[in-house]
Amino acid sequence: MAASARGGRTEALLDTLATPGPQKMVLSDGTVEGSAMMRLLSEALRDVRLATLTFKTLTQDFEIKDRRLTNHLTRLEGDFILEMRGWTAFDGTMEHRILFLGPMAEGDSQQARIVRLLNESGGIRVHGTVSDPKVDLDYGKLAAKLAEEELKKNRGQIEDKVKDAAWDALKDLFKKKKR
């Protein structure tokens, strides 16, 4: 994985990482590329912009303690807004939750609807190891929620069609047969 940002200096980053207690890191105008976790998210959400992240600002509130980096909040803003919370241990194991906000979660597109449903359920769970991350997306649950959303949106039309069909069936049932 590689990351670069305007004004990012290795010495400043190492000083920040070596300081005990809660820390804040702010980077601007940069990219993150080669992340296995982001590649998986890119595939799962079918959005190539996630494979190489270009950001205007990246803010991270974190703490290094007990051989792990606890990510209180990472907020990346660029073409979309990503928020991540969780931890990564020094042995490479990790557990994170990711939310996508802003334009990616707005509007009526299929992707925006799915992103909103994922956010409502606590975000996308990414776990495993840094070199072999796993992304948990319950496609069955997503399909059920999308169907429920469609039903709510079109309930009136569906009810009208059912009433019309029932009325037609009743009319046919009670029609007098001609002899």
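Start with helix α2, residues 36-45, which is mostly covered, with 7 of its 10 residues buried. Buried here means under 20% relative accessible area, with exposed over 50% and partly exposed in between, using a 1.4 Å probe and protein chains only. Helices are DSSP runs of H or I, at least four residues, and strands are runs of E, at least two, numbered from the N terminus.

Before going on: this is a predicted model, where local features need pLDDT of at least 70, side-chain atom pairs count only at pLDDT 80 or more, and totals for chains, interfaces and linings use all residues. Residues are numbered from 1 along each chain as its sequence is written, and side-chain values use heavy atoms, leaving out hydrogens and water.

The buried residues of α2 are Ala36, Met37, Met38, Leu41, Ser42, Ala44 and Leu45. After the helix comes Arg46, with a positive phi near 50°.

Last, Asp47, in the loop between α2 and β3. Is Asp47 buried or exposed? Asp47 counts as buried because its relative accessibility is 7%. Its side chain makes polar contacts (N or O pairs within 3.5 Å, one able to donate a hydrogen and the other to accept it; sequence neighbours count only if both atoms are side-chain atoms) with the side chains of Arg49, at 2.7 Å, and Gln111, at 3.1 Å.
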